Amino acid sequence: MKKLPNSQGRHSINTRNGLLATKNFAVPSGLRIRPLHIAAIVLISLLLSTVKIVSCQDSADAKGNPQQQSESVHGCTAKAFSDNAKPYFAFEKTRDGFDPTSKGWHREYVKNNSYAETWFFIVQTRQGGLLFVTLSVTNLGMRTFDGACDVRFFTASGDRYDTYAQYRRKDISGARNTLDLTIGPNHLTSRNRIYHLTINEKDLQLDMTLKGVLPEYQFGNGRVFFYKDRSAEWNIRFDAPRAIAKGVLTVDGKTLSLDGDGYHDHVWSTIKLPTFAAKWYSLRFYDERFSIILHQIHLTDTFGGGQIC
């Protein structure tokens with residue numbers, strides 16, 4: 001577990017998931033930061049100006065029936081492509097809604113050497129702290145089904161606390177059709193839109209509950225197939241686009257509140273991320289009335305070299 005001085009703890013980069021975030025971008029109330037709203041609009045405009053939008057999906061199924069209605073706006077998907085570099089990036093269409101069984105551990109990929117799966121959380125606390133948690137299972141290491149727990153917490157003053165631990169196959173258990181995952185001494189469960197996460201590492205403990213404010217969301221069926229033979233896939237589910245977080249983190253004899261706004265996504269794939277994504281940026285803006293979640297993926301030349309937003 002490391003504690004960094006203030007000058008090194010202002011911002012956080014999670015390169016494993018390709019996620020870039022600064023703590024000032026996730027705020028519980030927009031009324032106190034009106035100038036930031038202006039900056040956010042400018043930034044989003046700059047990002048979107050470089051993307052060629054060729055298709056847009058709204059909240060309706062294949063028959064035109066409304067799907068997952070809420071006060072949120074899910075926006076558009078973009079497909080970047082090149083005549084000389086196909087297949088391109090596109091989410092599979094589906095007639096079904098969100099599949100709750102997708103939250104579990106996809107053990108069927110035990111023999112796939114490129115398999116990786118993550119359960120990722122962000123919390124912006126009311127005291128200005130920022131929490132990142134990643135639970136992962138992967139075949140990309142030397143052993144089958146390596147597990148890991150990665151926790152990083154930044155206080156409002158800029159101090160940083162983190163812990164990272166790896167586990168072997170015998171230390172991992174979980175269900176396929178429901179979320180009940182154990183990696184070492186750490187446990188994650190869900191029921192409907194409520195998630196409960198406990199971290200019990202030697203130098204850091206966490207007990208947190210996320211209650212979804214917005215419904216789960218996915219583009220199409222959340223899946224992208226690659227190559228002409230569709231032999232590789234990448235899946236992303238926004239299980240909690242916005243949630244209410246409650247809990248505590250204990251480190252160095254201190255108990256820190258985790259009450260605030262939360263986010264959770266679940267990703268699994270049978271393709272190595274650097275194969276199709278050269279860069280991946282993610283920003284989140286939470287206001288009392290609105291929620292904006294922006295993902296921008298820069299594709300590699302093999303898959304067209306364009307951008308997805």
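Reply: Helices (H or I, at least four residues) and strands (E, at least two) are DSSP runs, numbered from the N terminus. The chain has two helices and 19 strands. This is a predicted model, in which local features need pLDDT of at least 70, side-chain atom pairs count only at pLDDT 80 or more, and totals for chains, interfaces and linings use all residues. Residues are numbered from 1 along each chain as its sequence is written, and side-chain values use heavy atoms, with hydrogens and water left out.

Me: Where is D252 placed?

Reply: D252 is in the loop between β14 and β15 (254-257). Its phi is near 50°, a positive value in a residue other than glycine.

Me: Why does D252 count as partly exposed?

Reply: Buried means under 20% relative accessible area, exposed over 50%, and partly exposed in between (1.4 Å probe, protein chains only). D252 has 47% relative accessibility, and therefore counts as partly exposed.

Me: What is the phi of R230, and why is R230 called partly exposed?

Reply: R230 is not a glycine, yet its phi is positive, about 55°. R230 lies in the loop between β13 (223-226) and β14 (232-251). Because its relative accessibility is 43%, R230 is called partly exposed.

Me: How many of the residues in the chain count as buried?

Reply: Of the 309 residues, 52% count as buried.
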